[in-house]
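Work through the exercises below with the model open. Each task is followed by a solution in steps.

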There are 2 protein chains.
Amino acid sequence: MEKKLTLAHGGGGEETQKLIKELFITHFKNPILERMEDSALLEVKGKIAYTTDSFTVKPYFFKGGDIGKLAVAGTVNDLAVSGARPLYMTASFILEEGFSLEDLERIVKSLSEEAKKAGIQIVAGDTKVLPKGGVDGIIIAASGLGEIIYDGLSSASLEEGDSIIVSGFIGDHGASVTAQRLGFELPIGSDCAPLWDLVKKVLKGGFKVKAMRDPTRGGLSAVLYEWAQSSQVDIQVEEEAIPVREEVWGICEFLGLEPYHLACEGRIVFAVESKDAQKVLEVIRSHPLGREAQIIGRVLRKSDQPKVLIKTPYGVERIMEPPAGELLPRIC
Amino acid sequence: MEKKLTLAHGGGGEETQKLIKELFITHFKNPILERMEDSALLEVKGKIAYTTDSFTVKPYFFKGGDIGKLAVAGTVNDLAVSGARPLYMTASFILEEGFSLEDLERIVKSLSEEAKKAGIQIVAGDTKVLPKGGVDGIIIAASGLGEIIYDGLSSASLEEGDSIIVSGFIGDHGASVTAQRLGFELPIGSDCAPLWDLVKKVLKGGFKVKAMRDPTRGGLSAVLYEWAQSSQVDIQVEEEAIPVREEVWGICEFLGLEPYHLACEGRIVFAVESKDAQKVLEVIRSHPLGREAQIIGRVLRKSDQPKVLIKTPYGVERIMEPPAGELLPRIC
């Protein structure tokens with residue numbers, strides 16, 4: 001019979017201790033965690049970045065990843081775009097009574113393996129088991145700490161002429177998870193991936209990077225609008241330059257969505273000084289996760305009504321819709 | 001009409017920005033958070049403590065506190081018992097579509113006020129809104145960072161003769177939340193409180209403190225068993241010395257529970273060298289949140305079958321039941 005999680009696994013008694021030791025400590029194996037005290041003790045120095053995010057994707061296992069990999073990618077990428085080398089993360093598991101222990105182990109294993117690959121250590125955790133109906137399946141709440149190696153990034157620093165670059169196809173994560181939820185088979189999977197290694201290459205290249213952001217909730221459009229508003233500028237992108245897969249266009253047309261609003265979980269948007277744009281593009285493309293990178297647009301001008309414009313191949317300019325509402329909950 | 005949370009509040013678009021600015025930034029007001037980038041940038045030095053916990057209590061508003069205050073108390077106390085001055089925390093809100101915006105504001109306000117009083121800054125956050133049924137109401141996932149000011153605490157350091165002290169009545173939180181959930185009126189409320197100020201007084205007194213722990217899930221019994229196992233010792237407590245209110249005994253008898261298994265959210269258990277026990281007790285009692293502190297027992301001896309013994313007033317010794325199972329989910 002399949003083993004299921006019980007309320008006792010979250011009760012703080014023997015069953016909780018057993019679950020923590022046999023599952024979490026076994027997979028997350030590191031000396032900091034093995035102390036099993038109330039906090040992790042760490043040595044850090046200088047400026048650090050500190051971030052938090054909760055992950056609620058459904059299905060938990062999707063083409064190209066799972067909720068465990070997503071938690072690592074989300075945490076690592078939030079630190080990376082702050083110019084910080086990811087060092088430590090925490091993972092708090094919020095679970096529903098009756099959740100499959102086998103699925104939980106797959107998720108924990110995946111989280112652990114991705115964290116190792118990305119060079120981030122899981123140093124503290126928590127497990128809560130809620131009665132049936134208290135939560136639908138599993139949520140992972142994570143936080144991350146990193147050491148700032150590149151200072152001065154700010155979404156308020158964009159100026160006329162700066163170039164906008166994306167590191168790859170946009171919308172794969174949102175399109176692929178949505179398709180799976182609706183029961184179609186798409187040939188593409190999620191782009192979900194931790195990207196510190198790629199970001200590090202750019203930051204160490206001596207280029208003038210103004211801002212970086214991972215386009216998760218709200219997609220590319222949310223990032224560009226946030227920058228436009230923080231910097232009080234208009235941004236113009238070229239429709240033809242934005243890398244969007246055929247399959248993503250297909251599902252977007254079918255469902256009446258904009259690919260620019262779909263969440264990515266393994267892409268970075270960069271704002272860089274235009275003189276460095278071509279060289280930054282080459283560095284990104286030289287990385288296996290950045291082969292499809294493109295310069296997609298530029299900062300047009302100062303503006304007191306900041307907006308994002310899309311130029312079509314026919315030379316027509318239209319406004320990119322800012323993200324609004326929530327058509328696709330539990331995507332990330 | 002009462003305003004309710006919609007999926008759009010978590011979608012990453014305009015409504016999300018509005019909620020973040022009008023609710024979270026307004027209440028949590030601090031320059032680090034106002035940057036509104038993907039991570040908080042902080043200066044730290046030396047050894048730090050890093051912790052995480054999720055809070056799932058139901059009802060969200062209980063006598064003596066609410067889920068917001070609980071999140072601060074839980075985070076601050078986890079850092080305090082690690083010998084760390086609480087500095088920064090993150091708060092990730094996981095919310096159900098339809099949740100009352102008025103209740104959310106009360107919770108955010110309470111979290112913010114308690115954090116200010118406790119001297120911890122909320123530097124990063126996240127909001128997810130799940131479709132109806134995705135989560136029952138609200139969960140707050142928090143993490144915390146502190147600066148270690150007292151090094152060398154360890155649950156594996158207890159030795160024969162060490163004294164065990166609790167800072168006040170045990171079980172008030174568990175008893176009071178349970179009573180409320182069952183619909184009775186208890187005259188007592190939760191003990192929920194951040195205790196750094198009390199802990200700091202003890203740590204700065206020059207005493208030899210071996211270990212500290214906040215007895216949350218699994219209560220006093222979970223703490224004593226963890227120490228017994230980590231240090232490979234038997235611990236003996238005096239039944240008469242353990243401060244338990246009449247009303248807590250009453251509800252425990254009624255429901256067949258042990259007060260030693262009930263969660264506290266504003267108590268600390270200390271293990272100290274016996275020569276310092278009386279002086280530590282005086283310091284704790286001199287604090288408004290430690291007036292009912294008691295020396296409750298001592299480490300008896302090395303043991304390869306570690307256990308916790310209770311001595312009754314008649315001189316009989318019995319084994320304290322280790323916590324097991326989960327009779328009371330969503331207490332903390």
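Two residues are in contact if their C-beta atoms, placed from the backbone, lie within 7 Å. The model is predicted: local features need pLDDT of at least 70, side-chain atom pairs count only at pLDDT 80 or more, and totals for chains, interfaces and linings use all residues. Residues are numbered from 1 along each chain as its sequence is written, and chains are lettered from A and ligands numbered from 1 in the order in which they are written.

**Exercise 1.** Describe how domain 1 of chain A touches domain 2 of chain A.

Solution. Start with the bounds, which come from an automatic or database domain assignment: domain 1 covers 7–148 and domain 2 covers 163–319 of chain A. Their C-alpha centres are 28 Å apart. Next, count the contacts: 22 residues of domain 1 meet 21 residues of domain 2 in chain A. On the domain 1 side, the elements giving two or more residues are α3 (67–80), β4 (84–96) and α4 (101–118) of chain A. Helices here are DSSP runs of H or I with at least four residues, strands are runs of E with at least two, and both are numbered from the N terminus. The most comes from α3(A), with nine residues. Last, sort that side by class: eleven residues are nonpolar, six polar and five charged. Ala, Val, Leu, Ile, Met, Phe, Trp, Tyr, Cys and Pro count as nonpolar, Asp, Glu, Lys and Arg as charged, and the others, Gly among them, as polar.

**Exercise 2.** Which element gives the most to the side of chain A that touches chain B?

Solution. In the contact between the chains, 63 residues of chain A face 63 residues of chain B. Elements of chain A that give two or more residues are α1 (14–28), β1 (40–55), α3, β4, β5 (121–130) and β6 (138–148). Of these, β1(A) gives the most, with 14 residues. The chain A side divides into 28 nonpolar, 19 polar and 16 charged residues.

**Exercise 3.** Characterise the packing of α6(A) with α9(A).

Solution. The axes of α6 (residues 196–203) and α9 (residues 277–285) of chain A come within 9 Å and cross at roughly 150°. Axes are lines fitted to C-alpha atoms, for helices over the stretch in contact, and angles run from 0 to 180 degrees between N-to-C directions. The residues that meet are A:L198, A:K201 and A:V202 in α6(A) and A:V280, A:V283 and A:I284 in α9(A). By class, this contact has five nonpolar, no polar and one charged residues.
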